[in-house]
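Please consult the sequence and the structure shown here while reading.

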Amino acid sequence: MAAGDSGIAPGGIQLRGALKPGYGDILTPAALDFLGELQHRFGPTRDRLLAERKHRQARYDAGELPDFRADTRAIREGDWSVAEVPEALRDRRVEITGPVDRKMIVNALNSGARVFMADFEDSTSPTWDNLLQGQMNLRDAVRRQIDFTAENGKHYALKAEGLATLMVRPRGWHLPEKHLRFDDVPMSGSLFDFGLFAFHNAERLHAEGRGPFFYLPKLEACEEAALWDEVMAFAEVRLGLPIGCMKATVLIETLPAVFQMHEILHALRGRIVGLNCGRWDYIFSCIKTFRRHADRVLPERGQVGMTVPFLKAYSELLIQTCHRRGAHAMGGMAAQIPINDDPVANEEALARVQADKLREALAGHDGTWVAHPGLIPVARAVFDEHMPGPNQLARRREDVIVERNTLIAPPAGTISRAGFLANIDVCVRYTAAWLDGLGCVPIHHLMEDAATAEISRAQLWQWLHVGGQALDDGTPIDFTLFDAALAGVAERLPKQGLPGQSRIAEAAALLSELTHAQELAEFLTLPAYELLA
């Protein structure tokens, strides 16, 4: 198939993305056959589990509250442990995450972090070029043949030693890949990202004791974890690898999942090495789950920090659950970017990072996340001081007692005019950049990904559709207020140097449509994906 052509690929898959130079080395006939097998075997189960999500949400909309499952009580109360953690993942005190572009991969692997999570999900806009070039970049990184030369001539190459351990996050179960279709149905984005990376790299990583290791996002139930276990087991057999050599860390970033952490660990017990507090998406999930509950509306997102009771309970229950089962409990993201032109503001930002990482280390987390290499020394110093060993698995946190109601109790707070406008502005800024192909966007000295935009637009929808909400100055939150604020968004944003500047109007129109809709969209990235080439 010539570059730029599209058509029916081997294995019955319809290939609708252009084959630019180098893409054929990733989308080989054998790789496409493997993707077709994954979709054929596991696509129907994925569809059924996504339908179950909708049924579960309908019950929440009708007034049901999330709770621990009665049918899995034996798993929660049973005496079992996960498989032994491999040597390469026993010390994860600082992890860095970011998109799969070439410069990011080189810098992250060189950064001094113990782990680099290469992200096909929330920090990558899933354009066809981003995805295929990302796979090419990771293939080169696994072979230690990756380098990059910037426009200014600066050259980036891998160090000879001390590289971070690579983990890969495929897209969540809910996301499709429209450029590959099987029986005229878009392929699962999860299976596409996982399948291509595993096909080209799993054997080499296993042979060198470096993986393959994955982060699994957006799970809502243990059955979704069990599907990942089946996918990985099939891939191991199909690729001639030992069962269980693929290891996974699961992000607990949905409210339903926090009630099934034991069950998720159990479903993946032969290969799971930890759970992670995906706190920004977790806040989004709380809003989405209780979107129709007037008594559970959250204040503006700036007031919902990890010290509020329901988030503190979530974090500590995750630590207790993981350590009881022999798995790592990873802390959340520090999204700050060093502020080079304001030393005072920079010191204040780093102090907030240090305080957050101190909270995590003292609580018993085994490591933490940062979004920028400049934060690694701060986070590492905290964990080096308070975690002299490779992890804190011995800290069982048996003092933690968390009831259902603690996990779902909304914190007190307010909605300021500035907070209301910030939700509009940040969502439009991020969405515009995402539509322009950039999934990791610097905004107000924070490295934002899709989670912040999801929180912002979900809060706006809930404040407007669940009656009685008002700003702290008494102004009613209604569509007159929203429409006027949205109409002025372009005037409030920087006039130049803004990522996605040309798509601001398109992003604002999408936010207007989603906010006015009678139903809260499941994910912003689903309708936005239809606008990507």
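The model is predicted. Two packed helices are described by the angle between their axes and the distance between the axes. The table gives these values for two pairs of helices.

| Helix pair | Axes come within | Crossing angle |
|---|---|---|
| α2 (residues 29–61) and α6 (residues 189–207) | 10 Å | roughly 135° |
| α15 (residues 417–435) and α19 (residues 504–516) | 8 Å | roughly 120° |

**Helices α2 and α6.** With their axes crossing at roughly 135°, α2 and α6 are oblique to each other. Their crossing is right-handed. On the α2 side, the contact involves A30, A31, F34, L35, L38, Q39, F42 and G43, which meet L191, F192, F194, G195, L196, F199 and H200 of α6. Sorted by class, the residues in this contact are 11 nonpolar and four polar, with no charged residues.

**Helices α15 and α19.** The axes of α15 and α19 cross at roughly 120°, and that makes α15 oblique to α19. This crossing, too, is right-handed. From α15, the residues I424, C427, V428, T431, A432 and L435 take part; their partners in α19 are I504, E506, A507, A508, L510 and L511. The contact of α15 with α19 comprises 10 nonpolar residues, one polar residue and one charged residue.

**Aromatic residues.** There are 15 aromatic pairs in the structure. One of them is formed by Y282 and Y314, whose rings are stacked at 3.8 Å centre to centre with 5° between the planes. Y282 belongs to helix α10 (residues 279–289) and Y314 to helix α11 (residues 309–325), so this pair ties together parts that are 32 residues apart in sequence. Y282 and Y314 are both buried. Elsewhere, W173, F194, F197, F214 and W228 make up one aromatic cluster.

**Buried residues of α13.** Which residues of helix α13 (residues 376–386) are buried? They are I376, V378, A379, V382 and F383. The elements that cover these buried residues include the strands β3 (94–98) and β14 (367–370), together with helix α12 (343–363).

Technical notes:
Residues numbered from 1 in each chain as written. Predicted model: local features only at pLDDT ≥ 70, side-chain atom pairs only at ≥ 80, totals over all residues. Heavy atoms only, no water. Axes fitted to C-alpha atoms, helices over the stretch in contact; angles between N-to-C directions. Helix = DSSP H or I, 4+ residues; strand = E, 2+ residues; numbered from the N terminus. Parallel < 35°, antiparallel > 145°, perpendicular 65-115°, else oblique. Left-handed = near helix turned anticlockwise from the far one by under 90°. Contact = heavy atoms within 4.5 Å. Nonpolar A, V, L, I, M, F, W, Y, C, P; charged D, E, K, R; others polar. Phe/Tyr/Trp six-rings, centres within 6.5 Å; stacked < 30°, edge-to-face > 60°. Buried < 20%, exposed > 50% of the residue type's maximum accessible area, 1.4 Å probe, protein only.
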